[in-house]
Amino acid sequence: MDSVCVEYKLQTLDAGAQNLLKAALKDPRAVDLEKVATAIVDLSLKDSSFCKEAGRICYALIQEEAKDANSTVFRRNLLTRLQQEFTVRKETRKRSVSQWVCLVNFICTIFDYLKVNNQPMAALVQPVYDCLFRLVQPDALTNEEEVDCLAMQLHRIGEQLERAEAGRMDELFYALRDGFLLQERLSSMARLLLLEVLEFRAGGWKLSDTAQQYYYSEVAN
Amino acid sequence: MSSNSQKRRQITGGDLRKNAPSPSHYGRKRGSDGQLRSQGDPQPSLGAKGEHRHTDNRSERQASFTTPETVRPLSRCKDWGSEVEESEMRMSVNRDMQRYRRRILTAEFSSRERKVSSGSCDSRDSASPTELETDENVLLRRQKQINYGKNTLAYDRYIKEVPKHLRQSGVHPRTPNKFRKYSRRSWDQQIKMWKVKLHTWDPPAQDGDLQAIEQIDLGEVMDIELDPDGETCKTSAGDEMDCFSVTPRKMKKTEELPQV
């Protein structure tokens with residue numbers, strides 16, 4: 001099933017993981033879906049570039065399972081595993097900021113990809129907000145890696161999040177503005193990222209043409 | 001958006017506001033519950049008991065931030081898997097309701113047009129809209145009970161064997177109508193009777209083969225009246241032995257015990 005490998009970019013994974021995912025995508029009922037869920041979550045936490053593919057794989061598995069067996073075992077296992085990781089996120093961040101960033105990335109990917117009746121999963125709204133709030137804390141803002149993550153998630157799912165609960169988005173942006181204005185030892189890149197996000201949201205989750213030009217085009221200067 | 005493609009800008013000290021407040025004011029002006037915080041307030045710990053905390057905050061925050069439609073009593077802290085499944089069921093129950101309403105309205109309309117009722121319009125469906133059960137929690141509970149019954153090999157075999165148009169009332173079990181008003185006792189009894197009748201289509205018992213029925217509590221077994229042919233009774237009594245020890249194969253596919 002090499003087309004599957006190519007489609008989901010499985011070549012970067014080790015052989016065991018590859019085989020497991022290939023088998024699952026072929027027939028979800030033939031594999032231990034709890035193992036699959038665990039494997040996917042573990043892989044996503046190690047490698048943030050796998051996150052996007054992980055999202056697509058999860059989506060495909062859930063569709064497949066619903067269609068064949070009208071069941072939701074994989075989704076349940078995935079969410080349970082994800083919730084476990086979310087619960088220990090403080091320790092994860094202490095241990096490794098990169099892993100914490102991967103976790104945020106993955107939770108937001110799931111929020112983005114896995115919809116229920118075309119709506120984002122309500123159960124994930126608060127957890128996602130909790131993660132983003134963590135990222136605007138002073139100690140996180142001094143970390144470019146975390147600011148970059150914050151900016152990326154807001155670009156991807158900010159609008160959906162706001163639609164789900166506007167009040168908390170307002171809160172987040174109070175903190176974001178505070179951070180931009182008052183945080184000491186903020187790198188200029190971090191400040192740039194925050195400013196761009198501020199403008200992005202102010203423009204209704206779109207960047208105006210002039211702002212686009214300012215931030216993203218090469219200007220001979 | 002990749003960091004590399006962004007143009008780096010030099011920000012000089014002079015660009016920042018000269019009159020910025022002192023650092024002691026730094027920190028979020030408001031706690032995550034929306035209240036203005038006094039200075040020196042420690043940051044609320046986001047890591048501790050994450051899943052419980054965010055639920056508490058949500059109920060605190062409800063007054064100011066939650067849109068009215070979502071104000072709903074948080075019965076207990078659930079795991080995400082259950083929450084998502086429940087919200088999915090809620091949506092599908094609501095969809096069912098719309099469809100059902102439309103169906104009885106058209107049935108009413110067409111029965112007014114002619115004396116003979118249409119095939120789908122019978123005493124079970126002819127509840128007028130004002131007599132419908134609309135309480136979401138009740139509908140959800142009933143739907144769950146129906147799902148338990150439909151998630152059996154017996155039900156699968158039944159619907160394959162007897163297509164809807166060949167069903168005879170009294171002989172063939174009918175799924176109770178969750179939209180009609182019934183007392184709790186009446187509904188629970190209907191479900192019991194329905195599930196008992198479905199046992200007639202249980203797959204033939206083999207050595208070591210599991211009967212695919214969910215846990216029957218003893219109360220339910222005791223309630224079964226003796227049929228003249230004794231068939232139903234025999235099967236149930238036999239199942240009583242099996243169901244306590246193992247998870248029925250068919251149930252396993254949808255109701256994995258959550259691993260904590």
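**A:W205 counts as buried, at a relative accessibility of 9%.** Buried means under 20% relative accessible area, exposed means over 50%, and partly exposed is in between (1.4 Å probe, protein chains only). The model is predicted: local features need pLDDT of at least 70, side-chain atom pairs count only at pLDDT 80 or more, and totals for chains, interfaces and linings use all residues, while side-chain values use heavy atoms, with hydrogens and water left out. Residues are numbered from 1 along each chain as its sequence is written; chains are lettered from A and ligands numbered from 1 in the order in which they are written. A:W205 sits in the loop between α12 and α13 (209-216) of chain A. Helices (H or I, at least four residues) and strands (E, at least two) are DSSP runs, numbered from the N terminus. The phi of A:W205 is positive, about 65°, although this residue is not a glycine.

**A:N117 also has a positive phi, of about 50°, without being a glycine.** Its loop runs between β1 (115-116) and β2 (119-120) of chain A. A:N117 is partly exposed, at 33% relative accessibility.

**Chain A as a whole has 13 helices and two strands.** The chain holds 221 residues, and 55% of them count as buried. Contact means heavy atoms within 4.5 Å. Take the contacts in chain A with a separation of 6 or more: residues 24 or more positions apart account for 63% of them.

**A:F111 is buried, with a relative accessible area of 0%.** This phenylalanine belongs to helix α7 (residues 97-113) of chain A. Leaving out residues up to four places away in sequence, A:F111 touches A:P120, A:M121, A:L124, A:V125, A:V128, A:I157, A:Q160 and A:L161. A:L124 is 13 residues from A:F111 along the chain, and their C-alpha atoms are separated by 6.6 Å.

**Helix α3 (residues 33-46) of chain A packs on helix α5 (residues 73-87) of chain A at an angle of about 40°.** Their axes are 8 Å apart. Axes are lines fitted to C-alpha atoms, for helices over the stretch in contact, and angles run from 0 to 180 degrees between N-to-C directions. α3(A) and α5(A) are therefore oblique to each other. Angles under 35 degrees count as roughly parallel, over 145 as roughly antiparallel, 65 to 115 as roughly perpendicular, and the rest as oblique. The crossing of α3(A) and α5(A) is right-handed. A crossing is right-handed if the near helix is turned clockwise from the far one by less than a right angle, and left-handed if anticlockwise. On α3(A), the contact residues include A:L33, A:V36, A:I40 and A:L45; on α5(A), they include A:F74, A:L78 and A:R81. By class, this contact of α3(A) with α5(A) has nine nonpolar, two polar and four charged residues. Ala, Val, Leu, Ile, Met, Phe, Trp, Tyr, Cys and Pro count as nonpolar, Asp, Glu, Lys and Arg as charged, and the others, Gly among them, as polar.

**Helix α8 (residues 122-135) of chain A and α10(A) cross at roughly 145°.** Their axes come within 10 Å. The crossing of α8(A) and α10(A) is left-handed. From α8(A), the contact draws on A:V125, A:V128, A:Y129, A:L132 and A:L135. Among the α10(A) residues in the contact are A:L150, A:L154, A:I157 and A:E162. The contact of α8(A) with α10(A) has 11 nonpolar, one polar and two charged residues.

**The side chains of A:E162 and A:R201 meet in a salt bridge, 2.5 Å from N to O.** The pair links distant parts of the chain, 39 residues apart: A:E162 is in helix α10 (residues 144-164) of chain A and A:R201 is in helix α12 (residues 188-202) of chain A. A salt bridge is a side-chain nitrogen of Lys or Arg within 4 Å of a carboxyl oxygen of Asp or Glu. A:R201 counts as buried, at 15% relative accessibility.

**A:E53 and A:R56 form a salt bridge within one helix.** Their closest N and O atoms are 2.9 Å apart. Both residues lie in helix α4 (residues 51-69) of chain A, three residues apart, about one turn of the helix. A:E53 is buried, at 7% relative accessibility, whereas A:R56 is partly exposed, at 25%.

**A:D112 forms a salt bridge with A:K115.** Here the closest N and O atoms are 4.0 Å apart. A:K115 is partly exposed, with a relative accessible area of 32%.

**A:R93, A:R134, A:D139 and A:E146 are linked in a network of salt bridges.** Side chains of opposite charge can pair when their charged atoms come close. Over all chains, a search of the whole structure finds 23 salt bridges.
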